[in-house]
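Visitor: I would like to learn how to read a few features of a protein model. Please take them one at a time.

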Amino acid sequence: MKDLETGWLLILLPNENFDEVSVMKQIEQHDLEFLFHGSVEDIDAFLNRHSGVFSDHDRTDFLHAAREEGLSSVRANLFSWVYGVIVDWREEDSEIVRLFGKFLPEEVIVEEVDGGLSLSYAGEIYSIPLTFSSNDRYITIRGIADIIQKQFEIRLFRDSYLSDTHVFVLLSCVQWQELERSHTAEVEKIFQKITPELDFP
């Protein structure tokens with residue numbers, strides 16, 4: 001087990017109490033482009049591509065908002081509905097791992113242990129120590145971010161910050177680099193990097 005605070009590597013054998021996550025949810029490239037530019041017609045096409053996510057009532061509301069309000073906020077809202085990792089300030093920390101695990105290519109196994117969480121990912125086992133307080137939501141998020149940082153990065157949708165439910169997106173480092181090159185100002189406007197100080201307000 002590799003402790004994220006000490007760096008020590010220990011051995012931990014799995015047991016039947018582990019929660020396994022193995023199905024990766026991939027973000028389509030054309031949906032990433034949609035996030036940054038698109039018309040009302042593009043919004044309608046996005047709704048149709050993801051018809052299983054939105055009810056008829058949702059579709060009507062989003063199309064009305066697209067015609068009456070700013071397109072950029074509607075596109076970001078739609079994208080977060082489909083691809084966002086939604087974390088309530090009271091969420092179970094093991095469930096947070098499971099939610100982010102849907103967007104990772106390898107199996108994630110998480111177990112609640114004395115002192116925090118044990119995670120198995122990409123052939124290694126990690127420990128995320130918890131404080132058993134409201135601070136643990138972001139301790140868990142930062143722990144996951146540290147584990148996957150060589151290949152992936154988690155960022156917060158800025159518009160969700162003042163809520164008690166925060167919405168995140170997980171992309172590969174290559175995808176973030178490409179987006180920052182092609183949509184520098186928009187990426188900065190929409191997303192907040194995960195910092196040591198970031199927490200629920």
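Guide: The largest pocket has a volume of about 320 Å³. This is a predicted model, in which local features need pLDDT of at least 70 and side-chain atom pairs count only at pLDDT 80 or more, while totals for chains, interfaces and linings use all residues. Residues are numbered from 1 along each chain as its sequence is written, and side-chain values use heavy atoms, with hydrogens and water left out.

Visitor: Which residues lie nearest the centre of the largest pocket?

Guide: Ser-72, Ser-73, Ala-76, Asp-159 and Ile-190 do, out of 16 lining residues. Helices (H or I, at least four residues) and strands (E, at least two) are DSSP runs numbered from the N terminus. Helix 4 (71–83) gives the largest share of the lining, six residues, and helix 1 and helix 8 (184–190) each supply at least two. By class the lining has six nonpolar, five polar and five charged residues. Here Ala, Val, Leu, Ile, Met, Phe, Trp, Tyr, Cys and Pro count as nonpolar, Asp, Glu, Lys and Arg as charged, and the others, Gly among them, as polar.

Visitor: In what order do the strands of the open sheet run?

Guide: Two strands pair if DSSP finds at least two bridges between them. Four strands form this open sheet, in the order 3-8-7-9, with antiparallel pairing. Strand 3 (85–88) and strand 9 (191–193) each have a single partner strand, so one side of each is left without a neighbour in the sheet. Strand 3 is joined to strand 8 (residues 165–172) by four bridges, and Ile-86 has Val-167 as its bridge partner.

Visitor: Which helix lies across strand 3, strand 7 and strand 8?

Guide: Helix 5 (residues 93–101) does, running at about 170° to strand 3. Axes are lines fitted to C-alpha atoms, for helices over the stretch in contact, and angles run from 0 to 180 degrees between N-to-C directions. Contact means heavy atoms within 4.5 Å. Helix 7 (residues 173–182) also packs on the sheet, touching strand 7, strand 8 and strand 9.

Visitor: How are two packed helices described?

Guide: They are described by the angle between their axes and the distance between the axes. For helix 5 and helix 6 (residues 136–148), the axes come within 9 Å and cross at roughly 35°. The crossing is right-handed; a crossing is left-handed if the near helix is turned anticlockwise from the far one by less than a right angle, and right-handed if clockwise. Asp-93, Ile-96, Val-97 and Phe-100 of helix 5 meet residues of helix 6 that include Arg-137 and Ile-144. Helix 1 (residues 29–36) and helix 2 (residues 40–49) pack at about 145°, with axes 11 Å apart, in a left-handed crossing.

Visitor: Where is the positive phi in the hairpin of strand 4 and strand 5?

Guide: Gly-115, in the turn, has a positive phi of about 95°, and two residues lie between the strands. Strand 4 (residues 108–113) and strand 5 run antiparallel, joined by six bridges, with Val-113 opposite Gly-116.

Conventions: On a 1 Å grid over the protein atoms alone, a cavity is a set of points where a 1.4 Å probe fits but cannot get out, and a pocket is an open set with protein on both sides within 12 Å along at least five of seven lines; lining residues have an atom within 4 Å of a point. Grid points are joined across faces, edges and corners, and a volume is the space filled by probe spheres set on the points.
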